[in-house]
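Take a look at the fold below.

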Amino acid sequence: MTERFYLYDDTEQTKTRFISFMGENQRFDLAITSTTKHYGKHLVLDMLSHRFAIIGQDDLEEPGYLEHIYKLSEEDAAELRSFLYEII
């Protein structure tokens, strides 16, 4: 049996919100998980693209961040950013 070196192994109750909405050009199917980890940021999973990021208000203000993480056009990222500002 292999001995493992864990950096951490925590179990935590989380809250996950599943949201689907249609943007101008594409559909977004998101799972947004709230946790006490990650300094108050949220784990945002785009279930259609299989991409995720840990996102807070500061990340939404970072130019090009959502475009890069989720491989979105500026227009689609602006729709996602606007939506995330409302719920995060």
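Which residues does R81 touch, not counting residues up to four places away in sequence? R81 touches L60, E62, G64, L66 and E67; contact here means heavy atoms within 4.5 Å. This is a predicted model, where local features need pLDDT of at least 70, side-chain atom pairs count only at pLDDT 80 or more, and totals for chains, interfaces and linings use all residues. Residues are numbered from 1 along each chain as its sequence is written, and side-chain values use heavy atoms, with hydrogens and water left out.

R81 sits in helix 3. Helices (H or I, at least four residues) and strands (E, at least two) are DSSP runs, numbered from the N terminus. R81 is buried, at a relative accessible area of 15%. Buried means under 20% relative accessible area, exposed over 50%, and partly exposed in between, with a 1.4 Å probe and protein chains only. One contact of R81 is also a salt bridge: its side chain meets that of E67 at 3.2 Å, N to O. The term covers a side-chain nitrogen of Lys or Arg within 4 Å of a carboxyl oxygen of Asp or Glu. The R81 and E67 pair links distant parts of the chain, helix 3 and helix 2 (residues 65-70), 14 residues apart. Both partners are buried.

Now step back to the whole protein. It has three helices and four strands. Along the sequence they follow the pattern β-β-β-β-α-α-α. The C-alpha trace spans about 50 × 25 × 25 Å along its principal axes. Of the 88 residues, 32% are buried.

The four strands form an open antiparallel sheet in the order 1-2-3-4. Two strands count as paired if DSSP finds at least two bridges between them. Strand 1 (15-22) and strand 4 (51-55) are the edges; each has a single partner strand, so one side of each lacks a neighbour in the sheet. Neighbouring strands are turned by 20° against each other on average, direction ignored. For such angles, axes are lines fitted to C-alpha atoms, for helices over the stretch in contact, and angles run from 0 to 180 degrees between N-to-C directions.

Look at strand 3 (residues 42-46) and strand 4. Five bridges join them. V44 stands opposite A53, and D46 stands opposite R51. Their hairpin has four residues between the strands, and H50 takes a positive phi near 65° there. Helix 3 (residues 74-87) lies across all four strands, strand 1 to strand 4, and runs at about 35° to strand 2 (27-34).

The structure holds five salt bridges. D59 and K41 form one of them, their closest N and O atoms being 2.9 Å apart. D59 lies in helix 1 (residues 57-60) and K41 in the loop between strand 2 and strand 3, so the pair ties together parts that are 18 residues apart in sequence. D59 is buried, at 11% relative accessibility. K41 is partly exposed, at 21%. Elsewhere, D29 and R27 meet at 2.8 Å, N to O. D29 is buried at 9%, whereas R27 is partly exposed at 47%.

Finish at the surface. L7 lies in the segment before strand 1 and is exposed, with a relative accessible area of 74%. F5, L7 and Y8 form a nonpolar surface patch with about 490 Å² of accessible area together. Patches are made of residues with over 30% relative accessible area and no salt bridge; like charges are joined within 9 Å, and nonpolar side chains (Val, Leu, Ile, Met, Phe, Trp, Tyr) within 5 Å. Accessible areas come from the Shrake-Rupley method with a 1.4 Å probe; for residues, only the protein chains shown count as cover.
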